[in-house]
Number of protein chains: 2
Amino acid sequence: MEPNVTLSEVARLAGVSASTVSRILNGTANVDPQKRETVTRVMAQLNYRPNVLARGLASGRTMGVGVLTQDISSPFYGEALRGIERGLAGSGYHPIFTSGHWRLEEELGAIDDLLSRRVDAFIVLGGVVPSGKLREVAQGTPLVVLGREVPGLERQCLRLDNFAGAHAATCHLLELGHRSVAHIAGVPSHRDALDRLEGYRAALDDAGLAYDPGLVQEGDFMEPSGFLAATRLVESRSLFTAIFAANDQMAYGARLALFRKGLRVPDDVSLMGFDDLPGSAYTTPPLTTVRQPTHDMGRAAATCVLGMLRGEEATLPPLGLQLVIRESTARRPGA
Amino acid sequence: MEPNVTLSEVARLAGVSASTVSRILNGTANVDPQKRETVTRVMAQLNYRPNVLARGLASGRTMGVGVLTQDISSPFYGEALRGIERGLAGSGYHPIFTSGHWRLEEELGAIDDLLSRRVDAFIVLGGVVPSGKLREVAQGTPLVVLGREVPGLERQCLRLDNFAGAHAATCHLLELGHRSVAHIAGVPSHRDALDRLEGYRAALDDAGLAYDPGLVQEGDFMEPSGFLAATRLVESRSLFTAIFAANDQMAYGARLALFRKGLRVPDDVSLMGFDDLPGSAYTTPPLTTVRQPTHDMGRAAATCVLGMLRGEEATLPPLGLQLVIRESTARRPGA
DNA sequence: TTGTACGCGTTATCAA
DNA sequence: TTGATAACGCGTACAA
């Protein structure tokens, strides 16, 4: 690993000017085939690697797409990140991931960092940054938002209909004959959590069933909270025969709680999640859930920013939630 | 979002030279408190954001740590990435993640990209890049490797004793009275897979048990392969009472296969994994496994490169594997 | 303590 | 088609 070779050195050894080398590198203009070949050879020999920093400084483009996610290790966002990677692959643009952990300061810091790095575009996944900030950023840089709706940036936002998803999920349970279905909700500060709760309530309402506050427990989207919620539900001696958790991770927790209580799934109680994480097809029994096409969303976001980078208008495909019926839900016993 | 303000503009508006602003920014030298205050105010007013590119070009340091992982969405690497994030937090250095997907070309490409970005240091997680390449990189840049041993770079490598881990895992099963324990191995091209297989064999040997090739199935570290392997095992009518999977993901697959075959865990067969993924505490029953301290490893790697960046020698803490006994393993029925 | 001048590696403008 | 030359935004000797 020779101490970084520069473009000028390549030029010198190839007997041409730096401009020529640059032109070959970028295909900016026609170059004598002879020289082109010589230069190419020298570059290979010297193992020349263009300096992205210098390039960015001079051209104004860094070929970097800043991705603000909330948690790189999250099974939920993971797939979206992969999707982004895939969507960007071959375009010359590279994703630069940072995480905000749903904390305002961290998110702002991450955005600042990305801005300092002069990324050419932005993809934001969820988070709590004020919409105003996002609008600000969007003014100077192509920006696509996944999982939230930013007023004024509708065309660049991809958000699924959580209400409809939760409604469908609950209906599925209802159609199986369940009359008393519990809900493990997410944090109320989270829009998705609210929408899912509303979808659940609406489905109940549509079926002429009364909403019973005693049947809904609040969690925080993580496994332990699901465990706790289900435990409370069981211990409250409510007569529910099904649980609809606002996401798969809480469903996992609930699953364990039921196991601990000696309740069988789905024989004694049906369990339903939301998200369809990669692991949900391998729980015992495999989890019925509402699939979020996170991978496709990531891909779509990438494709969209690439388009915007080309000067096109933002276009996001219509993506939908889908009920995935597996084995954790069944007809109500005795129904 | 004003079109990026520059240092010179700040200087001009503050009535000082650019150098002074730079000095304030970097704490390079003493500056008149008055001017400092003025400049600081102007920077805030203009929402000035130093250009990382220019800074890197001029100083030679980009404050970026390149992280080559294999799969950002992998539950296994995820924790390590978080650890790296944490370890780097507050240091001024930022991680830049790229993934190689265990494919030589992609990994080389990723390294090249990172090199082009002039990252100040490297953290490599697993992968198949030739050791020579890593040694080459290490020559010019602080480098730490997780999950593999690079000859000549021992001090900068953190690798756990997979042999010992697998040995302990198998012994645990043996101590529970199991005499016929099956193994779902990983891809033989993967060093860890080999070590774990060896650990399994050694434990058998230590117990005076013969190695039965019919009891080991090869997988690829993913859930479906675990499912397949366990299915084959069951259908082969071997008389095993325990399965040791080379990683948790394959154990998940095996768990489902057993479920499908109507075999109870651990009543009919004990199941053991390796890794202790975040989800393993929430499977039903919770999975007994060998814990890899991936988060700590990530943190340690970060701390180590930070030290090297300060000119210190590479030092990695001794980290170990740990048997985590949960509920998927039990005394052999009738033993 | 401060400012000037120069360099970092590349692209872009302009002549030739 | 090619080559000077000037930016790009910042850090840093050096001189003051």
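Let us start with helix α7 of chain B (residues 131–140), whose buried residues are B:Leu134, B:Val137 and B:Ala138; buried means that 20 or more other C-beta atoms, placed from the backbone, lie within 10 Å of a residue's own, and exposed means 12 or fewer. Seen down the axis of α7(B), these buried residues line one face because they fall within an arc of 100 degrees, taken from the directions from the helix axis to the C-beta atoms. Turned away from that buried side are the exposed residues B:Gly132 and B:Gln139. The buried residues pack against α6 (104–116), β3 (121–125) and β4 (143–146) of chain B.

This is a predicted model, in which local features need pLDDT of at least 70 and side-chain atom pairs count only at pLDDT 80 or more, while totals for chains, interfaces and linings use all residues. Residues are numbered from 1 along each chain as its sequence is written, and chains are lettered from A and ligands numbered from 1 in the order in which they are written.

Now look at where the two chains meet. Here 43 residues of chain A are in contact with 43 residues of chain B, contact meaning C-beta atoms, placed from the backbone, within 7 Å. On the chain A side, α5(A) gives the most, with 6 residues. By class, that side has 19 nonpolar, 13 polar and 11 charged residues.

Finally, turn to DNA strand D. Of the 29 residues around DNA strand D, A:Asp32, B:Leu7, B:Ser22, B:Ala54 and B:Ala58 come nearest; a residue counts as near if its C-beta atom, placed from the backbone, lies within 6 Å.

Key: Helices (H or I, at least four residues) and strands (E, at least two) are DSSP runs, numbered from the N terminus. Two residues are in contact if their C-beta atoms, placed from the backbone, lie within 7 Å. Ala, Val, Leu, Ile, Met, Phe, Trp, Tyr, Cys and Pro count as nonpolar, Asp, Glu, Lys and Arg as charged, and the others, Gly among them, as polar.
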